[in-house]
There are 2 protein chains.
Amino acid sequence: MVDLLFAPEVRMMLQDNDEAGMQTFCENLHPATVAGALTGEFEADEVWRFLQHTGIKNQAVIFEYFPIDWQVKLVEGTGRQHMAKLIEQMSHDDRADLMRRLMPRVQESLLRLVDEANRRDIAQLVKYEENTAGALMTTDYAWLPANISASEALDRLRLQAPDRETIYYIFILDEDRRLKGVVSLRDLILAPRHKLIHELMEDEVVAVRVTDDREHLAREIAHYDLLAIPVLDEQKRLVGIVTHDDVMDVVVKEATEDVHRLGGMTPLAEGYLETRFFTVWWKRAGWLSLLFVTALGTIFVLAGFQQSLQEVIVLSLFIPLCIGTGGNSGSQAATLITRALALNQLNGSDWARVLRHELLMGLALGLSLGAIGFLICFLLPSSLLGDRVHWFHLALVVSQAVMAICLWGTVVGSMLPLIFRSLGFDPAFASSPFVAMFVDVTGIVIYFSIASIWIL
Amino acid sequence: MVDLLFAPEVRMMLQDNDEAGMQTFCENLHPATVAGALTGEFEADEVWRFLQHTGIKNQAVIFEYFPIDWQVKLVEGTGRQHMAKLIEQMSHDDRADLMRRLMPRVQESLLRLVDEANRRDIAQLVKYEENTAGALMTTDYAWLPANISASEALDRLRLQAPDRETIYYIFILDEDRRLKGVVSLRDLILAPRHKLIHELMEDEVVAVRVTDDREHLAREIAHYDLLAIPVLDEQKRLVGIVTHDDVMDVVVKEATEDVHRLGGMTPLAEGYLETRFFTVWWKRAGWLSLLFVTALGTIFVLAGFQQSLQEVIVLSLFIPLCIGTGGNSGSQAATLITRALALNQLNGSDWARVLRHELLMGLALGLSLGAIGFLICFLLPSSLLGDRVHWFHLALVVSQAVMAICLWGTVVGSMLPLIFRSLGFDPAFASSPFVAMFVDVTGIVIYFSIASIWIL
């Protein structure tokens, strides 16, 4: 988040080369605030000139709060030697994220300067696929063996504490690093000093696999109200943990992705104002063009009914209303089901239940709108009708068409996300515009079919 | 989350009245799992018959994991005396939530049985408005004075620990309960034993006001990666804290609300399958009817162009395509801006910047789609055109209309959320269906205006 409040102050300190001021600023404010103040209008070299007045450890903490794009740019703005030192101090998950974004050439030259333990750790983390637990996790967790006493555990923990992402959950491992249990720091400090860890620990541990999807991980951590969740490899060995704050980011990102997809566009990875114009254009134009080409169907379907339209021109007046209703009811259903899938309230096997529910709902909604449609036709000025059509017949057509199209839109809208899911796509591809386009073509056919019964 | 996996086992234990089994089940599984297994197909009295085999404290922990609706039903299924005991054991925020949902008569009769300290705490929490920090917070936080040593602090903390929501952040208060600082348990156990708390504590504390919106609170806790955030009253006194797990729920709920609104319906408070049919109907039918009535505009606008339609029937073929494009581009823009507002990437004062951006974007998107539209008309079979219209003229009309409508849809879609926000409504009211309906009417006017230049 860009913080414009402090920007003038930062600018001033840089101009005056106010070393004491810069140091105080870096060390007394929250690192998130410092990062916010140094994002936005400054150049990379200015940021480094500012940050050099605090220790490398604090530099790393502040650096982690920068948006990832800005981090990448900052890497270019300082010496490789300095950057390598900073990377050694960073959280293991954050530096792996950064490394994934760097050009291979830059990545390699930096890695060569990092000490061996850290280098191996980075190499390990970088190889996990995006959106998996492996890609989110950090390797700097606190761990202990099972056969020591609570007081010894506290002593050992004090040694580990400074470098660990969290020490509030301590993972208990055997000699092969297999996860045996977990102890919370709360339980540890409450326990009698002589009590052994394996008596204290919770041995039914909620954990995820390294290849698990980040959405699954987020649901587990939220469901069990955890501070951190352990990540295991195929051999049930602990390879990392994911902490609650990273999961919060995942939840927000996943929701944004769903919202963007439902709005009929490819999700933006960065903020609205940060994303380049061309990228936004591309992500919007792609879907719009696809929908546009799909909508060609409406031209050809309407062309098929051109003769009828010519004869009873009043029919054309109700086309937008009828197909719009299909789009709206479909968009509601699609949104509802997509979100229920995302929240795990539904899964693929519930399709029959959803279908039954939405058939009834489509009928109920269709009846409500059909009744309004009937009333509207009754109230229509007779000058609009022409001489060929009686209002009652038109009312029959409009109300029945609205009902049928509403039912159809609801069913299509509710089934599309489930179909997408079962084909392995994101259900949110069943966006409002997509469903609307899909229902438009069929809506026109329904409308004219019903018209041909009563009028044509 | 309903857990169907364990349901048969639970059913069996209840039938056999397997007391040892029920106790083991309640005490060895994660409370979230126990709650999941007892939600769904069981009656309230069965749940209580099952839970009575574990202590009241564990009952309370499990009870907190039930969905709130189920909690309300369970209150009816047991004696008031027992329920009052359970309430005394519950987390302060969870029991306040429950109390808010109970009928005043039930609430009163329960409160009378709760001991005085807890009764006063509940009365205090219940009065805060929904969606504020006050309604989310819990009063069972850990606190200490500033003038004691680290080792004394640890001793005192051990006494508080069992009843506190979290002891990982310890809040430092003066005699008037004013918040002076915060110490993390990590720093506390790392500190030399004789060091005084006021030397250890962080005195720049991120906090919220009791009346602050829960969205603001969620953003703060996510931005600063906090485990818990203190909540202050007007006099800067600490009145409660909100922990990360409750904020996670807020983030998910807020996203669901936005998604539902963007899909054109009133948000459902409960899960899709849990909500009553009539409630869902009501929340969907309301918006659909409103949109339907708004769409009447399309009838009257089209009626105004009836004469032109009669003369050049081919024009009617492109109406759904043109207005659909307006709806799609508008829906993209509205979605994008609404989400950016929700994530605080934008605020109301950015409207000029957004307008400039979306004007350019609308133009770029319109040009892309207009080009496709032109091509389509070129490829159209001449039989569709009739003798009155040359393809080139039609192509001019369609491409220019698509361009203009796309630009218009984009601008309307991006401005509506900002307008709603500035009027004090949720920006997500600018849903895809709403924007589409809004753009439909104007789209038809744009289309025929351009047609009248080249053809009519």
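Let me start with how the two chains relate in this predicted model. Rotate chain B by 180°, with 0.0 Å of shift along the axis, and chain B superposes on chain A with an RMSD of 0.1 Å. That is the relation of a two-fold axis. As background, two copies of a chain are related by a rotation about an axis and a shift along it.

Next, the contact between the chains. How many residues does each chain put into the contact? Chain A gives 91 residues and chain B gives 90. On the side of chain B that touches chain A, the largest share comes from helix 21 of chain B, residues 319–342, with 15 residues. Sorted by class, that side of chain B has 55 nonpolar residues, 26 polar and nine charged. Of the interface residues of chain B, 100% are also interface residues in chain A, so the copies meet through the same surface.

Now to chain A by itself.

Helix 5 covers residues 56–64 and helix 7 covers residues 80–89; their axes come within 8 Å and cross at roughly 75°. That makes helix 5 of chain A roughly perpendicular to helix 7 of chain A. On the helix 5 side the contact has A:Ile56, A:Lys57, A:Gln59, A:Ala60 and A:Phe63, and these meet A:Lys85, A:Leu86 and A:Gln89 in helix 7. By class that is four nonpolar, two polar and two charged residues.

The second pair is helix 6, residues 68–76, and helix 8, residues 92–101, of chain A, which pack at about 70° with their axes 10 Å apart. Helix 6 and helix 8 of chain A are therefore roughly perpendicular to each other. Helix 6 supplies A:Ile68, A:Gln71 and A:Val72, while helix 8 supplies A:Asp97, A:Leu98 and A:Arg101. Three of these residues are nonpolar, one is polar and two are charged.

The last pair is helix 21, residues 319–342, with helix 24, residues 432–454, both of chain A. What is the angle between helix 21 and helix 24 of chain A? They pack at about 140°, and their axes are 8 Å apart. That makes helix 21 of chain A oblique to helix 24 of chain A. Helix 21 passes helix 24 of chain A in a right-handed crossing. Residues of helix 21 in this contact include A:Gly326, A:Gly327 and A:Gly330, and those of helix 24 include A:Val439, A:Asp440 and A:Gly443. Nine residues of this contact are nonpolar, seven are polar and one is charged.

Terms used:
Residues numbered from 1 in each chain as written. Chains lettered and ligands numbered in written order. Predicted model: local features only at pLDDT ≥ 70, side-chain atom pairs only at ≥ 80, totals over all residues. Axes fitted to C-alpha atoms, helices over the stretch in contact; angles between N-to-C directions. Helix = DSSP H or I, 4+ residues; strand = E, 2+ residues; numbered from the N terminus. Parallel < 35°, antiparallel > 145°, perpendicular 65-115°, else oblique. Left-handed = near helix turned anticlockwise from the far one by under 90°. Contact = placed C-beta atoms within 7 Å. Nonpolar A, V, L, I, M, F, W, Y, C, P; charged D, E, K, R; others polar. Least-squares fit on C-alpha atoms with pLDDT ≥ 70 in both.
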